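Please open the model in your viewer and keep the selection panel at hand.

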Amino acid sequence: MTGDGTRPSVEALGISKAFGGVAALDAVDFEVRWSEVHALVGENGAGKTTLCNILAGIYRADAGQVIVDGTERDFRSPAHAIDAGIGMVHQHFRLVEPMTVAENIHLGWPETPGVVSQRALVDRTEQFMGEMGLHVDPTARIWQLSVGEQQRVEILRVLARGARVLILDEPTAVLTAKEADDLFRVIRELAASGLSVIFITHKLREVLAVSDRLTVLRHGVREITRPTEGATASEIARLMTGEERVLDVEHRTVTGAPALELSGVSALNDRGIEALHDVDLTVRSGEILGIAGVSGNGQSELAEVICALRPLRSGSITLDGADLASLSVRAVTDIGVGHIPEDRIGMGMVLSAPVKDNAVLHNYWTEEFAQGLTLDRQGVINFAKQLVETARVQTRSVFSTAGQMSGGNQQRLVARREALAADRLLVAAHPTRGLDVNAAQEVRSTLIDKRDSGCAVLLISDDLDEVLLMGDRIAVMYEGRIMGVFDSADADREHIGLLMGGHSAVEAAS
Amino acid sequence: MTPLGSIASTVLRVTPWRLERRLEVEARRAALTRIGGAVGAMVLVGIVLLLTGRNAFWIFWQGLDAIFGRQRGIEGAALRAIPILMTALGVALSLRMKVWNIGSDGQFLMGALAAVGVGIHMDGPAWLVLIVMAAAATLAGAAWILVPALARAYWDVNEIITTLLLNFVALQLVTWSALGFWRDKEAAVIQSTREVAHTLPGLPGANSVTIALLVPLVIAAALWWVFRSTTIGYEIDTIGGNPRAAGYAGIAVRRRILIVMLFTGAIAGLGGMLQLSAPGAQAMNAGFSAQFGLSGFIVAALAGASFWGVIGGGLFIASMFYAGIVLQTKGLSVYIIFAIYGVILTGIALGEIAARYRVVRREAVDGDGAQAGDDHDAATERAAT
């Protein structure tokens, strides 16, 4: 069980996996040793979680072998994987909130006695926590616990089932700094006791702080596996982001008064925690400001606060000098602000409604379609047909539901709809996420057309290549703060990669 | 997949066919499968009746003859249809917004109670009294859902519980009025309010059916138009389809929920007045609502919130109930009648589900359909960069 730090605990050889014909992993080799903390690093969509889901029995690989402690395995379910000693803690916890810690740890565990008292469950849990050196009040109910404590319960749940290889999927994404430090200590102790810990992250500081070795994935391919000792943040950043040839987009330097101006903006996220701290930003008419950063660093809240979907806590937002923050959602739209929302299915459209209804979601109330109470049905249909044609949306008809379209077509529809609504400002959040190359190019040219017609464009993307390609200026966000703003000519990929990973401008410059 | 869908696909597993969910269900197919379900259920009922030694053909003939064989039958079915249609239309309206108003029985009763209150106290020409009765009933129905509607709209309190429980309160109020403050002291029955002197004018050529029958038809047509041709209908459908998208489109979601819920109560309340203003039904007692709200709810759910579907379904169920009553007089026990109702309604419900699937031949390679969406996104996202 315990290892010497050299013998592999898990080996994955030549793992490939495709979803719907798109390769998520392409012949990836991956090896983890006993007693080590192994960081699995990469940008969003690099294939980290897919690889771990294969190791944990959630997906089956299309090709390749998984060897656990010297024996080849073919997992058909997570139960098979946990029998072989591999357990995964997911980013979103799978705990039953109204139940106690002891109950959650014993739920669905074959070793839980059939008839058992609360007392006995608590005793067993306490004994087990003592063995593991991890403590949470076993009688507390999950909803009473902090996020860090809930995560500890998840880890205990997996360890209780005999996991000797522990996979943590972006474990610090939900934690405070103090909780993250506690987690790192736990991880180090578990590794010291002989376990393997696979730690998925894209935060460079964490990689350097906690791991023994690291593997970088990029676009489903392994870039490198190496000891963490001697690695530098800038080297990892470069491997993560790659150095792709940049497609030709002519960048502009626009001077003049800002169209959109944010000053000292703060806002809370849905959990009531401050997600934007004192943000200052300007976007001028006729330019694209690209926001670079890893998802979850306040970009969603930034888009929502500008579009009046989220209350402003402090600061001011103006468009061409006029206050934007006091306006209603509808008034913001009426003065010419378009918004391609990050979650196109959850927010940008009604999947159960026909395409024609979705086409006018952001302007059905305007004079073009509404005469008093009545909606100009033929006008809506004509508008939708035209939109579908110009945006090259493939749908059976405008009367079919939006849900029958592919994701790419849904996004084409939303992007074109919002571009039409945006006379003065277009906020585009991850507009090409999930799209194939052609669809992504079309959405990008829509944004460039808007810019060239004098509209201010705010582009949020977690794809650094896209931000560098599109942005006339580039701002980097990390933990709700603007880390720096650059003209595209001065934007250095490595420097921006460091800022995205949370290194301050001073650290990055040195 | 619905539980029934997954049961069906389990059964099909050993065959070369499998179930596939349709991307879209056309209205015509949805109607046809429901009718098919009802017919299939009747065939099943017939077989069981034959096996138990009863003459199924004679029973069905008697049922049909009871309704369509004489004017009294058609009118009897129509009288039963009015309250069912009114409560069903209220529920169907709320379902367009994915709100479940289970309290249409209570709103119906409160509407009738308000109408009785006006009817037995107000002096004046019959037309004026009837109009005031209708207005009072409409307001009372809306008032009865006001608290659940406010709680749902502004504090996200589940409306199913609140509207359901208010049904029992309404029933107690009716009993109190019939035994207490509005009790008819001269009547032979103990539990009854005094009688309203006025009734709605009859339909030309009808003995007992009044112009009340036209009200649900007018309301269904109005609702159909609202949802086809107005921004209000568009907004309600958007809220029902995706409340977050409605907020994103700048729709005042909470206020819309409040207003629509008040309307659903108002329609049911008006239904109470219509029931009360039929000849021979002008007083209230505890048995005033024969759970019309429940029947209306079934109709709305089976009609899938389509207003013309509600009209068709409501007329069908009312006819079925009326035929059942007549068949009881022909010696069929009430338990068998209820069992037949149940089988037929289940058949329609199965037809509603069947419309969403089709059976296709199993392909050589079975794609694994169960992939977590986020990882799928991650994969396609990769392809985009």
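## A guided tour of the model

Select A:His219: this residue is partly exposed, because 19 other C-beta atoms lie within 10 Å. (A residue counts as buried with 20 or more other C-beta atoms within 10 Å of its own, as exposed with 12 or fewer, and as partly exposed in between; C-beta atoms are placed from the backbone.) A:His219 sits in the loop between strand E9 (213–218) and strand E10 (221–227) of chain A. Helices (H or I, at least four residues) and strands (E, at least two) are DSSP runs, numbered from the N terminus. Although A:His219 is not a glycine, its phi is positive, about 50°. Most residues other than glycine have a negative phi.

The model is a predicted one, in which local features need pLDDT of at least 70 and side-chain atom pairs count only at pLDDT 80 or more, while totals for chains, interfaces and linings use all residues. Residues are numbered from 1 along each chain as its sequence is written, and chains are lettered from A and ligands numbered from 1 in the order in which they are written.

Next, select A:Asp320, in the loop between strand E14 (314–319) and strand E15 (322–323) of chain A. Its phi is positive too, near 50°, and A:Asp320 is not a glycine. A:Asp320 is partly exposed, with 16 other C-beta atoms within 10 Å.

Now select helix H17 of chain A, residues 493–500. Which of its residues are buried? They are A:Ile496, A:Gly497, A:Leu498, A:Leu499 and A:Met500. After H17(A) comes A:Gly502, with a positive phi near 100°.

Show the whole of chain A, which has 18 helices and 22 strands. Of its 510 residues, 49% count as buried. Its C-alpha trace spans about 70 × 55 × 45 Å along the principal axes.

Move to chain B and select helix H4 (residues 71–96) and helix H12 (residues 292–302), whose axes come within 7 Å and cross at roughly 50°. Axes are lines fitted to C-alpha atoms, for helices over the stretch in contact, and angles run from 0 to 180 degrees between N-to-C directions. H4(B) and H12(B) are therefore oblique to each other (under 35 degrees is roughly parallel, over 145 roughly antiparallel, 65 to 115 roughly perpendicular, and the rest oblique).

Finally, colour chain B by pLDDT, the predictor's confidence in each residue from 0 to 100. The mean for chain B is 86, and 89% of its residues reach 70 or more. Over residues 364–385 of chain B, however, the pLDDT is below 50. Where pLDDT is low, the predicted coordinates should not be read in detail.

Note on methods. Contact = placed C-beta atoms within 7 Å.
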